[in-house]
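Reader: Could you walk me through this structure, starting with the ligand site and moving on to a helix?
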Amino acid sequence: MSDKTEHPPVPEAFAALGVRPSILRALAELKFTTPSEIQALLIPRAMAGVDLLGQARTGTGKTAAFSIPILARCQKGLATQAIILVPTRELAVQVEAEVQRLGQYTPIRSLAVYGGQKIAAQVKHLKYHPEILIGTPGRVIDLLDRRIIDFQNIRFVVLDEVDRMLDIGFRDDIRNILARVKGVRRQEQPSEEGAQQGENESPPQDRAHQTIFVSATISEEIERLARKYMREPVEKLIAPGADERPTVESVEQYYFSVQIWDKYRLLKKLLEQENPELAIVFCRTKRGAEKIAKRLHSDGIECREIHGNLAQNKRDRVMKNFRGGKFDVLVATDLASRGIDVADISHIINFDIPEDPEIYVHRVGRTARMGAAGKAFTFVTREQGDELTKVEALINMVIPQAKLEGFEPTPPPADWTDLPPGEAVQAKPVQSRFDRVYSPTGATVSAEQPVTLAPKPLRLGAKIPITRRHKRRR
Ligand code: ADP
Ligand code: MG
């Protein structure tokens, strides 16, 4: 047990929440010593069988918060007792991996099911009747329609990133899936409903299924929709600070004022100068991501790309290698922005500022996770001042402008055709929208004097410059 010297000590704080020994052992190995606030709130209530809405900032361990009680309460040998729905394939893989790690000393099995992967492969694994399924809505519906899975044994329904799951894009699919879960409940327990209502703390086993929805943001509208699928009394658990402001203030953030034709040059120089451990460059379009990855490659910066034009197995491989630190720069569309947890991402570069400010938060939230340090840079063209202002309004922070030492704007190339008619062909900066900006140290500086990012002198034994890293490795 725990007092054998070869085992790390049992995380007492988790034990105090009622987590069982097989899971405590995994937690100890994973070095989860203290529960995060949302875990402390959610785990005991989920164990008690209550329907829960959980809200906590990105990177605060919501996955473990719902996975631990599910692992603890699933019964071995019954297929599909828990269904965890997530918005992207990448997230399905990631959440499944966390469930797997947390449940490694339990007999409970899990499987990720998502589109773009051969259904036959998943069917093969489904033959082993995994107790927990993690899936994207489309594939789950497909498996239900083909009667490869059913909800006869369902006891837990989780929507991760619930705000996304209930927004327009997924709403019908979610309604479809949750209606089928409900259908099972009516069939199984036609007469017990009323009897159970009176009992306050009915033992969890008596319940047909329990619903847990979590997200970093839950608007009133989403909450109203969510409650339709839940059983009163629903408890809403909010980790302290979750509803204050979006979760990026611990990230050092800057913007660059840059003309479209200079963006790539700025990116390259920024990467060389910052020499990031692990960076994600976000683009708006798949084409854009492809192009940038190609150019970086030919300029000797090792990178990979991830976007919807890639086959799923390729996407999985890219994410796996990125997690493993096999390359340093990932060029991505917003596919990778939600919920994805890769430790030690040091830099987020918004090559294209997102139209929707919420997306900025999701992107920038990929860095500085669980208290680590991180930087985010956003490229803003002259026409995009409004987008930047929207972001600042949302995060309730003024993002200081940065300048890269030695980077000079150039006039548009002779063959440049993207300019609106009559525009002067002069490089000019984004209009400064504020009287003052804040420097990262908290000192107020004038907006006219952007923060200058000077190249850091390479210390002895410092990292290999980014352009030469891959040559070293081979
Ligand atoms: P969220 O879903 O809230 O954005 P995740 O569930 O993805 O956050 O967790 C972020 C990271 O924190 C993951 O790598 C996870 O393994 C780790 N983590 C979760 N809980 C703890 C804990 N109690 N102690 C240490 N690390 C934790
Ligand atoms: Mg999450």
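Reader: How far is an oxygen atom of ligand 1 from a polar backbone atom of Thr60?

Author: A polar contact is a pair of N or O atoms within 3.5 Å; within protein, one must be able to donate a hydrogen and the other to accept it, and residues adjacent in sequence count only if both atoms are side-chain atoms. Here the distance to Thr60 is 3.2 Å. This is a predicted model: local features need pLDDT of at least 70, side-chain atom pairs count only at pLDDT 80 or more, and totals for chains, interfaces and linings use all residues. Side-chain values use heavy atoms, without hydrogens or water, residues are numbered from 1 along each chain as its sequence is written, and chains are lettered from A and ligands numbered from 1 in the order written.

Reader: Which polar side-chain atom lies 2.8 Å from a nitrogen atom of ligand 1?

Author: One belonging to Gln39. The protein covers 86% of the 580 Å² of accessible area that ligand 1 has on its own (Shrake-Rupley method, 1.4 Å probe; for residues, only the protein chains shown count as cover).

Reader: Is α4 enclosed or open, and why?

Author: Buried means under 20% relative accessible area, exposed over 50%, partly exposed in between (1.4 Å probe, protein chains only). Helices (H or I, at least four residues) and strands (E, at least two) are DSSP runs, numbered from the N terminus. Twelve of the twelve residues of α4 are buried, so this helix is largely enclosed by the rest of the structure. Among them are Phe66 and Arg73. Across the 474 residues of the protein chain, 52% count as buried.
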